[in-house]
Amino acid sequence: MASLEQILRQVEAYQPDADLDPIRRAHDFVAGLFGDKRRPNGEPYLEHLTAVGFLLAELHLDIASIVTGLLHNVLDEEAVSQEELAERFGPDIASMVEGATKIGRMAFRTSEKRQAESFRKMLLAMARDIRVIMVKLADRLHNMRTLERMPKESQRRISQETMDIFAPLANRLGISWVKSELEDLAFRYIYPDAYADLAEKVEKKKTERKRFISEVKRILTDLLAANQLEGQVSGRLKHLYSVYRKMERQGIQFDQVFDLIAFRIIVPTVRDCYGVLGIVHANWTPIPGRFKDYIAMPKANLYQSLHTSVIGRKGERMEIQIRTEEMHRIAEEGIAAHWKYKEGGSVPAADQSDSRFRWLRQMLEWQRDLEDSKEFLSSVKVDLFPDEVYVFTPGGDVKELPQGATPVDFAYAIHSDVGQHCSGAKVNGKMVPLRTELKNGDIIEVLTTASQSPSKDWLKFVRTSKARNKIRGWVKAEQRERSIELGRDLLEKKLRKYGASLKKTITTDLFDEAVHEFGFSGSDDLIAAIGYGKLSPGQVVSKVLPKEVIGKAEEKPSGIGKVLEKIKPKPSAAIKIAGVDDILVRFAKCCNPLPGDKVTGFITRGRGVTVHTIDCQHVQESDPDRRIDVAWDRAKKASHRVKIRIFCSDQKGMLASLSTAITGAEANIVSAKVFSTKEQQGVNYFEIDVMDLAHLTRVTNGLQKIKGVYRVERLRN
């Protein structure tokens, strides 16, 4: 148990000239307030407050921080008012205590809300003074150390909160030992069986590992001495939770974890760090891919060190970390090692332009916009977990979505039926478009209508696989139903010309044979193919009716019939569609394909096949089931209209030169538009007829040879 004397000795060790009187007064004050009063876990209040103060002294924080640690519960317990606190200890400490005060008196329906409110207060306090975070971490660490006295339900809830929030935060602040201890303590209560099993296995080999650590330390110490290098060598077993995570991540048993031991070598200079690395690699075999240079490229939390994993002489694996004394101090104290406080104030004296503080300045800026308690997520969760966004239901439940998620993604995350009938959404009480990207801390209300159904356009902006798969499934089913309905109508009309009906024809053996001959599993599939445009009604009728029936019905067309035959759309002579005939072909205006471009066909209802370039955005977003392979018919020649844009200098005779180059390449000019800019440049738009891509290339090459032409572009629409 920590005592006032221990706190004072600890502070004197790193601040010999510090005024310790505020610490004594704070300790006496809380001792008088709480006396023998105990916390919910049965621990004396004074014991907890003293322990928090000692932890802050271990982190080498200033006097004000330690005083805040001793007082951090007094407002929560309503033992004193903030005004009285400010009068006794000054407004700076009173403000820090208010920032660190717990919110247990506030009732929240869910643990997420409790986390949100608590973290909001902590981060708002950080906007005034980062030391408040250190107080909260020390408070949480001691709470975890004494958690065994709490009910099991509380143990699990508090441990999960610690694992999700406080351990990552300690890591982000660079205090590695606090992060490791919080993880191990939380691990004990979240997965008690796994923790007990792993702890037992580690304990069984404790003596053996101690012997191994002593042997390697001796070898490393001798190697340093032999190379005239000074250094301290230490060895330790990796903390339990990191071992457990490795076992889970790699799917291995405890006996298969070979690098349980980590050694640390602390040397005077950076140059010595790299010298020691060379010595280690010369005496042990390094494991490929396991070397990390955090000195040249420090972590975002300011951590610096060399990490390497090697194989020992008996085949054992071990990790070795090499750093200077200053690097080690930063690794132990984290950001506290970089922040110096002006006497009587809370403004950090560190250079604010220092890139090491960029992430922290960003967090401080985020705090200025916080209005709702739940918006802590927009500042911390993003920083800790950058690929996720956390939003809330109106009832306060948290939903985790990928960055860029929209209200439609949120609706499907609630329930598939909510997504299918989503007709609108409110974000933070305001109506927004369904394609709006959600931000951390947003409160989302989904509006549904029974008659509403998914839209194919939603596929352009949803981010979650669940939403995308559900929408695609619905669109595909809906398109299939429409295609079956259209296919029935088209086939029925064709059959009537031969005096037959679909109802009777579909039950014949010839129809079944046609289904299998076309490669379908059922009659609905064949009829849907007609609706999609993959098959023509004529192709199907020729297979499902007896030849004699078709022969009798085929008569010479009347006069009107001849006229209709003449004006009937014919397939383009420049495109071949394998296995499909009697289908109209047209070229997409969105990409304007030319012979020589790689192309694909898209079946449109009632309008045949539309030919697109293979990389056209509209094709990429289209239904794959309605795409069809097409190819250019090189034997047929046809002219194609294309637009080009020419950037050139604005000079006399330029238009004449451009026109001459185009006609000289045997291309016909359909239209031209000419503009001049303030920078004495010309922008010219030409619509021309060419035979294919090679012909267009000849045109553009001719244009680019003209003096004063900067660039020639093909326009897609």
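Guide: A residue is called buried when its relative accessible area is under 20%, exposed when that value is over 50%, and partly exposed in between, using a 1.4 Å probe and protein chains only. The model is predicted, so local features need pLDDT of at least 70 and side-chain atom pairs count only at pLDDT 80 or more, while totals for chains, interfaces and linings use all residues. Residues are numbered from 1 along each chain as its sequence is written, and side-chain values use heavy atoms, with hydrogens and water left out.

Visitor: Why is Tyr 303 called buried?

Guide: Tyr 303 has a relative accessible area of 10%, and the limit for buried is under 20%; therefore Tyr 303 counts as buried. Tyr 294 is also buried, at 17%.

Visitor: What makes Tyr 294 and Tyr 303 an aromatic pair, and of which kind?

Guide: Rings of Phe, Tyr and Trp (its six-membered ring) pair if their centres lie within 6.5 Å; planes under 30 degrees apart count as stacked, over 60 as edge-to-face and the rest as tilted. The centres of Tyr 294 and Tyr 303 are 6.0 Å apart and their planes make an angle of 70°, so the pair is edge-to-face. The structure holds 12 aromatic pairs. One aromatic cluster is formed by Phe 187, Tyr 191, Tyr 195, Tyr 241 and Tyr 244.

Visitor: How do you know that Thr 308 is buried, and what does its side chain join?

Guide: The relative accessibility of Thr 308 is 2%, which is under the limit of 20% and therefore buried. Thr 308 belongs to strand 5 (residues 306–311); helices (H or I, at least four residues) and strands (E, at least two) are DSSP runs, numbered from the N terminus. Its side chain and that of His 281 are joined by a polar contact of 2.8 Å. Such a contact is a pair of N or O atoms within 3.5 Å; within protein, one must be able to donate a hydrogen and the other to accept it, and residues adjacent in sequence count only if both atoms are side-chain atoms.

Visitor: How much of strand 2 is buried?

Guide: In strand 2 (residues 261–267), 7 of its 7 residues are buried. Ile 261, Phe 263, Ile 265 and Val 267 lie on one side, with Ala 262, Arg 264 and Ile 266 on the other.

Visitor: Why is Glu 666 called exposed?

Guide: Glu 666 has a relative accessible area of 65%, and exposed means over 50%; therefore the word applies. Glu 666 lies in the loop between helix 28 (654–664) and strand 19 (668–676), and its phi is near 65°, a positive value in a residue other than glycine. Most residues other than glycine have a negative phi.
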